[in-house]
Protein chains: 2
Amino acid sequence: MHKYERANQAEVPLDRARRYLEPGPVVLVSSEHEGERNLMTMGWHMILSFTPSLFGCLISAGNHSFELVRKSRECVINVPTTALTDEVVGIGNSSGREIDKFTHFNLTPEPSDKITTPGVRECYANFECRLLDDSMIERHNFFLFEIVAGRAATTPEYPETLHYTGDGVFMVAGEIIDRHQQFLPQML
Amino acid sequence: MHKYERANQAEVPLDRARRYLEPGPVVLVSSEHEGERNLMTMGWHMILSFTPSLFGCLISAGNHSFELVRKSRECVINVPTTALTDEVVGIGNSSGREIDKFTHFNLTPEPSDKITTPGVRECYANFECRLLDDSMIERHNFFLFEIVAGRAATTPEYPETLHYTGDGVFMVAGEIIDRHQQFLPQML
């Protein structure tokens, strides 16, 4: 059981956030507004740009996190590994209206560098996000953020992440295929 | 080397497309407009809704596929497995301005059921998409599609898919963690 602490993390250059998010792992979204905080398990997200570092995701209006993020205009995207599978499942199957998920799941709020919302210390990587464009929230529940700070554990180099398929089943990404030498320099 | 043919595929109910796309695999986007066709490797995409079945992705204005998709207002999202790693890398490192990628990479255009654009027969799954909302293309190169037909191979149940990290390195998802029994019925 490997959990990660900030001491083992290094800063991630903003244009390298894709390294951790583009593979499509389930993430934990932490939110806070006027003293209320929450955690949410999320699989519907994508990178939209390297520079600025843009990240889009869907938070349903029915989720407790929706109003916290919409009002505070920020969140932290935390990347868990398989070490946190129980927490990922538990957070996805409970509501912040009924419990404080940090306390309930014994996760540690880690102060952020650039925003007020704390991250989750036990996650492999954390990306601090500010809402950049709210024009798609009303119609599609789509939030477009700018990543303003990022940090990630330095070992293992490629963590085992969880990728949700629905039906309670996750695929695990771990093994690596390196085709660096087949890429054109401008494509790297 | 397992490649897939349509004979081995079954129809995917539209609200189950997430099963194949939510884990975040690299996909091949096929496009066609006025007799011109292309293929593109893409990792920036997400599911946005079950019903209707909505899929969003980023196609940079600099890509040859951008105008083909924008004008035809459709595409097919094809999910390759590790059996097509060479093709995925090759397609991502070449331009449709210079070669016909179907021919060059020896991939078979498979007629679609609901749209004009063909899919890629050798891929594990294929999702036919119609452009639903073009309002975010100008500002963010973000295309929002409705999936109007889907099919997927029936074996293996969970294919090995490629998840791009940048730098020419892919993570492979294959192993499964099944936590079905820990989920609330309404969360499945």
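Modeller: In strand 6 of chain A, A:Asn78 is the bridge partner of A:Leu28. Helices (H or I, at least four residues) and strands (E, at least two) are DSSP runs, numbered from the N terminus, and two strands pair if DSSP finds at least two bridges between them. This is a predicted model, in which local features need pLDDT of at least 70 and side-chain atom pairs count only at pLDDT 80 or more, while totals for chains, interfaces and linings use all residues. Residues are numbered from 1 along each chain as its sequence is written, and chains are lettered from A and ligands numbered from 1 in the order in which they are written.

Biologist: In which sense do strand 2 of chain A and strand 6 of chain A pair?

Modeller: They pair in the antiparallel sense over 3 bridges, strand 6 being residues 74–79. Strand 2 of chain A also pairs in the antiparallel sense with strand 3 (residues 36–42) of chain A, over 7 bridges, and there A:Val29 stands opposite A:Met40. Strand 2 and strand 3 of chain A form a hairpin with 2 residues between them, and A:Glu34 in the turn has a positive phi of about 50°.

Biologist: How many residues of strand 2 of chain A are buried?

Modeller: A residue is buried if 20 or more other C-beta atoms lie within 10 Å of its own, exposed if 12 or fewer, and partly exposed in between, with C-beta atoms placed from the backbone. In strand 2 (residues 27–33) of chain A, 6 of the 7 residues are buried.

Biologist: How many residues of chain B are in contact with chain A?

Modeller: Two residues are in contact if their C-beta atoms, placed from the backbone, lie within 7 Å. By that rule, 45 residues of chain B are in contact with 45 residues of chain A. Strand 12 of chain B gives the most to the side that touches chain A, with 10 residues. Strand 12 (residues 169–178) of chain A and strand 12 of chain B pair in the antiparallel sense over 8 bridges, and A:Ala173 stands opposite B:Ala173.

Biologist: How are the two copies related?

Modeller: Two copies of a chain are related by a rotation about an axis and a shift along it. Here a rotation of 180° with 0.0 Å of shift along its axis superposes chain B on chain A, with an RMSD of 0.0 Å, where copies are superposed by least squares on the C-alpha atoms of residues with pLDDT of at least 70 in both. The two copies are thus related as by a two-fold rotation axis.
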